[in-house]
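Hi,

Here is the structure I promised to pass on.

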Amino acid sequence: MNNRSGLLPALTAIILFIVLESLSIVLVMESGVVQRFRIMGALRNTQAWVWTRTSNISHFFQYRTENERLAAENLMLQQQLAEARIALQSVDSCFSDADFSYIGAHVIKNTVNQQRNQLILDRGSRDGVEPGMGVVTPCGAVGIVSAVSPRYCYVISMLGTGQTVSAKLAGSGAFGPMSWPGTDPDQMLLQEIPVHIQAAPGDTVLTSGFSTIFPPDIPLGSVVESKVSKGSSQELTIRLFEEFRALHYVYIVKNNHRQELESLYESVP
Amino acid sequence: MNPYRNILYFILVFLLQLAITDYLYLSPWVTVCILPLLILLMPLSWSPHRVMIVAFALGLGLDVLSAGVVGLNAFAAVMAAAPRRMLYRVLVNSDRQDTTEVLILRQAGFEPYFKMLLALTALYLAAFILLDCVSLRPVGFILGKFLASTVVSTLLGLVLSLSVKNR
């Protein structure tokens, strides 16, 4: 009962407060055009502020969807690019060996601080993934699929001692194996480049395409420095374009002529 | 307590506020306001409704009689009047028993009285300056004006409060 008797005056006081303050604001607005614009301007500013904040928040939650949309679009463009390359090569010659298709995948797990780093992707055998397929991004080679389950695949990262990718210098076309020395995840070593080849800092390094794993001409990195190794070849330090610490979306590369090529290799005595 | 002297004191302070509003211009950074003193000196037995209505009337009267914007002082006065009882219980008398009819500096003591006056003046000026300067002035100016006005108005209110002891 006491609560009720105390609540009613409090409620009426609040209502009275609102009525008096509203009346005051109406009086201020009616008092002059300037005041009206001030108050309406303040309301508009407040609305704009709230909208900006809520928009930022909603954008934050839409990043995932937006990323997936962009990744799908990127995948489609990669497919079109591969088809265009085939078409061009068909025009130039009757021989076409570059027929790759791509499967988009999210990185579930990724390590960069071990000597043999690995990734786990959310695509598996039911998506057409097989062991031995390459994994790339538009900024470089990421790794090679090592094991596959129905929904996931295990990838040995290029950041693993002993892993190599065949790479070439964009200008001269000189190629050699590129591997990770096991220290800086931003740098790899391109070896067996002949000493007479001029390699300047900043020169771009691409995948050579001399394998069934990675398609040619994927940019890998740029030359930082070169030094003569074993007296007969150069060893180039390459700064990678790919940021391995920030990998989220990759493409699993399927070479559509892989079985044919491998059987050809095996048939050669 | 003589009610006539009390009413006369109210009228004098109100007229002084009117004169200050119309004729005293210290700086664009300072708004001198002693109307919160009148809100403080209303009888403690008054309900919040009554305090708000009287404060609204005082503010509106000041707005109408001075050359200002109608509604500005009314808005600020209600803003200061609404939490007066709560502020009194928090800052002066926490046992919820009003022992005096009117809060007087000499009886209440300097510290609680000063806190009450400062709180009411700050509330009043915050509402007044925000409504007056909103969207027209930078935040730094509004804050500076609020601080300077609160200091000057509170000091003037304290000086005027000294005369209340002779009532």
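This is a predicted model: local features need pLDDT of at least 70, side-chain atom pairs count only at pLDDT 80 or more; totals for chains, interfaces and linings use all residues.

Chain A first. Its tally is three helices and twelve strands (DSSP runs numbered from the N terminus: H or I over at least four residues for helices, E over at least two for strands). Strands count as paired if DSSP finds at least two bridges between them. As background, strands of a sheet pair through backbone hydrogen bonds, either parallel or antiparallel.

One closed barrel has six strands in the order β6-β7-β8-β11-β10-β9 (chain A), with antiparallel pairing. From one strand to the next, the twist averages 40 degrees. The residue pair I opened with belongs to β7 (residues 175-179) and β8 (residues 187-194) of chain A, which pair in the antiparallel sense over two bridges.

Another closed barrel of six strands, also antiparallel, runs β1-β2-β5-β4-β3-β12 (chain A). Here neighbouring strands are turned by 45 degrees against each other on average, direction ignored. Within it, β2 (residues 116-121) and β5 (residues 153-160) of chain A run antiparallel and are joined by five bridges; A:Leu121 has A:Cys153 in β5(A) as its bridge partner.

A:Val136 is worth a click. It sits in β3 (residues 134-137) of chain A and is buried, with 26 other C-beta atoms within 10 Å (20 or more counts as buried, 12 or fewer as exposed, in between as partly exposed, with C-beta atoms placed from the backbone). Leaving out residues up to four places away in sequence, A:Val136 touches A:Ala141, A:Val142, A:Phe214, A:Ile218, A:Val250, A:Tyr251 and A:Val253 (contact means C-beta atoms, placed from the backbone, within 7 Å). A:Tyr249 is 113 residues from A:Val136 in sequence, yet their C-alpha atoms are 9.4 Å apart. For chain A as a whole, buried residues make up 24% of the 269 residues. Of its contacts between residues at least 6 apart in sequence, 55% join residues at least 24 apart.

Now chain B. Helices α3 (residues 48-65) and α4 (residues 72-81) of chain B pack at about 155 degrees with axes 7 Å apart (axes are lines fitted to C-alpha atoms, for helices over the stretch in contact; angles run from 0 to 180 degrees between N-to-C directions). The two are therefore roughly antiparallel (over 145 degrees; under 35 is roughly parallel, 65 to 115 roughly perpendicular, the rest oblique).

How many of the ten residues of α4(B) are buried? Ten of the ten, so α4(B) is largely enclosed by the rest of the structure.

Cheers

How values were computed. Residues are numbered from 1 along each chain as its sequence is written. Chains are lettered from A and ligands numbered from 1 in the order in which they are written. Two residues are in contact if their C-beta atoms, placed from the backbone, lie within 7 Å.
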